[in-house]
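Please read the report below alongside the sequence and the three-dimensional model.

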Amino acid sequence: MSNNRVSRRQFLSYTLTGVGGFMAAGMLMPMLRFAIDPLLQKHDGGNFIKTEHKIADITDKPIKVDLKFEQVDAWYKSEVTNVAWVYKDGDQIIALSPVCKHLGCMVGWEQDSGHPNQFFCPCHAGRYEKNGKNVPGTPPTGPLDEYEVKEEDGYLSLGPTKANTLV
Ligand code: FES
């Protein structure tokens, strides 16, 4: 007769451990799913946000475009407004981020009367050319970022920012 027989006590112990583990998994899975639920939600519209600006109305003069979207931070929803400076260069739509590459202030178009046709950062007098290139000798060390751009039903849609491709 084999000495490897499972005793009644061992059998009971294995069975209870198995059943206990199964029940624990059944309780933990819904809790885990609930905890990561915001991460699993699908967001409508992909990464692009439609603006209120018609492509046809955009000219070669940069205009400030508001970019409104709902941000979900775990369970907290808030409406966020970002800004882009948008203009046409021939047929190409250019959308630049207003965030200064020095310390992150907001740049404005032609806000320094001494330097027309440039973006100006009021915090430390940083300057950029129209295509976002930082003017040497001013504090910013790199060009303004660019938004991804696309047309949707004749309206401008803006996507994520990327490194400037114009400079
Ligand atoms: S933050 Fe723009 S120049 Fe300093």
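The report begins with the overall layout and then turns to individual residues and their partners.

## Basis of the description

This is a predicted model, in which local features need pLDDT of at least 70 and side-chain atom pairs count only at pLDDT 80 or more, while totals for chains, interfaces and linings use all residues. Residues are numbered from 1 along each chain as its sequence is written, and side-chain values use heavy atoms, with hydrogens and water left out.

## Overall layout

The chain contains one helix and nine strands, and along the sequence these elements follow the pattern α-β-β-β-β-β-β-β-β-β. Helices (H or I, at least four residues) and strands (E, at least two) are DSSP runs, numbered from the N terminus.

Of the 167 residues of the chain, 27% count as buried, where buried means under 20% relative accessible area, exposed means over 50%, and partly exposed lies in between (1.4 Å probe, protein chains only). The accessible surface of the chain comes to about 11600 Å², of which 55% belongs to carbon and sulfur atoms; accessible areas come from the Shrake-Rupley method with a 1.4 Å probe, and for residues only the protein chains shown count as cover. Among contacts with a separation of 6 or more, 43% involve residues 24 or more positions apart, a contact being heavy atoms within 4.5 Å.

## Salt bridges

How many salt bridges does the structure hold? There are three salt bridges, each defined as a side-chain nitrogen of Lys or Arg within 4 Å of a carboxyl oxygen of Asp or Glu. In general, side chains of opposite charge can pair when their charged atoms come close.

One of these salt bridges joins K61 and E110, whose closest N and O atoms are 3.7 Å apart. This pair links distant parts of the chain, with K61 in the loop between strand 1 and strand 2 (63-73) and E110 in the loop between strand 5 (108-109) and strand 6 (119-121), 49 residues apart. K61 is partly exposed at a relative accessible area of 47%, and E110 is partly exposed at 36%. A further salt bridge is formed by K101 and D145, with the closest N and O atoms 3.1 Å apart. Here too the pair links distant parts of the chain, K101 lying in the loop between strand 4 (92-96) and strand 5 and D145 in the loop between strand 7 (126-128) and strand 8, 44 residues apart. K101 is partly exposed, with a relative accessible area of 33%.

## The K50 and D153 pair

The side chains of D153 and K50 also meet in a salt bridge, at 3.3 Å from N to O. The two residues belong to distant parts of the chain, D153 in the loop between strand 8 (146-152) and strand 9 (155-162) and K50 in strand 1 (residues 49-54), 103 residues apart. The side chains of K50 and D153 also count as making a polar contact at 3.3 Å, that is, a pair of N or O atoms within 3.5 Å in which, within protein, one must be able to donate a hydrogen and the other to accept it, and residues adjacent in sequence count only if both atoms are side-chain atoms.

K50 is partly exposed, with a relative accessible area of 41%, whereas D153 is exposed at 67%. Not counting residues up to four places away in sequence, K50 touches E152, D153, Y155, L156 and S157. The C-alpha atoms of K50 and L158, 108 residues apart along the chain, are separated by 6.5 Å.

L67 is found in strand 2 and counts as buried at 3% relative accessibility. Leaving aside neighbours within four places in sequence, L67 is in contact with I49, T51, V80, T81, N82, Y147 and L158. L67 and S157 are 90 residues apart in sequence and 9.0 Å apart in space, C-alpha to C-alpha.

Which residues have a positive phi of about 55° although not a glycine? A74 has such a phi, as does D153. A74 is found in the loop between strand 2 and strand 3 (76-89) and is partly exposed, with a relative accessible area of 42%.
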